[in-house]
Amino acid sequence: MQFKCNETLPERGTHIALKAAGGGCQRGDGTSCGIVSNSATTPGDMTERGCTYAGCRGVVGGPVKDAIQLTHGPIGCAFFSWGYRPHLADTDFHMKYTFVSDMKETNIVFGGEKKLLQSIIEANREFPEAKAVFVYNTCATALIGDDGRDVAKQAEEIIGKPVVFFECEGFKGVSQSMGHHVGNETIFRQLVGSIEPEGDFSRTINIVGDYNIKNDIRTFEYLFEALGLKIITRFTGNVGVDELRIMHKAALNVIHCQRSATYIADMMHDKYGTPAINVTLWGIKHMSQALRDTAKFFGLEAEAEEIIERELAKIQPKIDYYRERLKGKTVFIYQGGPRTWHWIELLRELGMETMTAATTFGHDDDYEKIFEQISEGAMMIDNPNVPEIEEILTKRRPDLFISGNKEKYLAYKLGVPFVNGHTYDTGPYAGFIGMVNFARDMDKALHAPIWGTLRNRARPAPAAHHSAHGFAHGFEEAD
Ligand code: CFM
């Protein structure tokens with residue numbers, strides 16, 4: 001099975017597979033093994049992937065609310081990594097400001113180290129309340145060989161607070177996924193364990209791999225707290241630098257996004273022996289399981305059952321209402337990574353079926369989880385390009401497309417109901433109460449009156465007929 005748009009890109013066959021009858025895997029290149037993932041994009045392929053800097057600055061480091069977020073590079077790198085992801089916190093310093101060393105041509109010729117040092121000192125002077133300076137390297141400054149690590153060390157002595165240098169130059173790795181890895185390693189190496197607080201940490205957890213997109217934490221933190229647990233550190237939604245520094249004190253790491261943040265949990269396990277559990281905080285079954293697994297670790301099973309029962313009673317009538325309206329619909333989910341597999345079960349709980357599942361930068365373990373959960377006849381695709389997405393929407397005709405802002409207008413132009421799964425339409429979507437929001441947004445998208453209007457009244461634009469004023473007649477009503 002191949003897409004027509006890929007006739008000139010035969011390599012794409014290895015990134016596409018169908019779940020055949022009997023559960024076998026049928027790959028686009030005719031073989032039967034799993035699809036190829038986390039590999040370099042073929043030249044000429046219109047990928048939607050981001051770079052390593054985007055994964056580090058935009059995803060892992062960027063949400064830290066009281067650090068100066070400083071890009072060492074051309075100003076455009078700072079602009080395009082700022083303000084596009086609603087990783088909210090209880091303050092907005094990290095959302096409001098971005099900093100950049102603003103490398104110009106002469107700096108590229110003569111080196112930018114002095115300018116970087118100046119930028120750090122100046123930013124810190126303007127915002128002395130910041131707890132640290134995070135410096136992100138870019139392609140340009142890496143290629144000219146600026147020693148940002150050394151500058152960070154010098155700056156640290158001058159300003160007297162941590163200056164964390166991320167070696168996340170854009171060209172490293174094949175996607176933003178490498179940036180997550182660099183972000184995890186750098187924060188672990190430079191911050192975690194640098195403060196040793198006293199106290200009893202026996203009933204504490206870290207929530208690892210949640211970024212508080214549109215206030216997701218409001219949907220699940222109170223549930224863990226109701227168990228009697230204290231959340232020490234969030235990695236990295238709504239987190240402060242000092243909380244990252246004491247992250248090693250928690251008794252358990254609860255890992256939500258298992259693409260962008262398992263690295264730090266693994267390193268904590270190796271160095272501090274911190275145990276970890278993998279959870280999904282979306283959907284009824286998964287959220288309940290997350291509470292049960294966390295509770296089991298602390299011997300709080302009875303409390304967990306009580307909380308789950310109480311919370312489900314609150315949402316069940318609403319879920320039943322939406323299930324009636326959503327059941328039987330088919331969905332194409334395309335997210336960056338694990339959200340795609342996190343949501344297959346949630347959609348089933350609402351009576352919907354995932355017929356196509358794709359990720360931008362998933363690894364083999366993500367695709368194994370997707371493949372396990374999709375039904376026979378469903379398709380999975382790695383790093384889909386824009387013409388492929390168009391072909392899926394027009395040929396496979398899902399009832400609903402759950403994706404991100406990059407695909408939103410394509411979906412609308414092709415008349416496919418759409419929900420924004422990355423930054424949420426009106427979110428938050430996690431936890432029990434978030435699932436009601438998610439279901440409501442899907443219902444709104446699917447049953448918006450515009451679809452009926454389009455079906456009944458829209459006409460395709462005629463090829464070459466223009467009115468006297470030069471406007472095409474295509475969208476006028478012909479009576
Ligand atoms: Fe993890 Fe994320 Fe995701 Fe991700 Fe992202 Fe995101 Fe995502 Mo957009 S950290 S891998 S790099 S769950 S920004 S909050 S929604 S692509 S599937």
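**Strands and helices in a predicted model**

Q: Which residue stands opposite Phe134 in β5?

A: Gln69 stands opposite Phe134 in β5. Strand β3 (residues 67-72) and β5 pair in the parallel sense over six bridges, where two strands count as paired if DSSP finds at least two bridges between them.

Q: OK, back to β5: which other strand does it pair with over four bridges?

A: That is strand β6 (residues 163-166), which also runs in the parallel sense with β5. Within this pairing, Val135 has Phe165 in β6 as its bridge partner.

Q: And is β5 enclosed or open?

A: Six of the six residues of β5 (residues 132-137) are buried, so the strand is largely enclosed by the rest of the structure. Buried means a relative accessible area under 20%, while exposed means over 50% and partly exposed is in between, with a 1.4 Å probe and protein chains only.

Q: Which residues point which way from β5?

A: Ala132, Phe134 and Tyr136 point one way, whereas Val133, Val135 and Asn137 point the other way, and all of them are buried. In a regular strand the side chains alternate between the two faces of the sheet.

Q: What about β8, is it covered or open?

A: Strand β8 (residues 230-236) is mostly covered, since six of its seven residues are buried. Strand β7 (residues 204-210) runs parallel to β8 and is joined to it by six bridges, and Ile207 has Arg234 in β8 as its bridge partner.

Q: Switching to helices, how many residues of α14 are buried?

A: Ten of the eleven residues of α14 (residues 339-349) are buried, so this helix too is largely enclosed by the rest of the structure. Among them are Trp341, Trp343, Ile344 and Leu347, and also Arg339, Glu345 and Glu349. Just after α14, Gly351 takes a positive phi of about 80 degrees.

Q: Where is Thr262, and what does it touch?

A: Thr262 lies in helix α11 (residues 262-272), and at 17% relative accessibility it counts as buried. Leaving aside residues up to four places away in sequence, Thr262 touches Asn184, Ile255, Cys257 and Asn278, where a contact means heavy atoms within 4.5 Å.

Q: Is Asn437 buried or exposed?

A: Asn437 is buried, with a relative accessible area of 16%, and its place is in helix α18 (residues 431-446). With the neighbours up to four places away in sequence again not counted, Asn437 touches Gly427, Pro428 and Tyr429.

Q: Last topic, the whole chain: how many helices and strands are there?

A: The secondary structure comes to 19 helices and 15 strands, and 56% of the 479 residues count as buried. Among contacts between residues at least 6 apart in sequence, 71% join residues at least 24 apart.

Key: Residues numbered from 1 in each chain as written. Predicted model: local features only at pLDDT ≥ 70, side-chain atom pairs only at ≥ 80, totals over all residues. Heavy atoms only, no water. Helix = DSSP H or I, 4+ residues; strand = E, 2+ residues; numbered from the N terminus.
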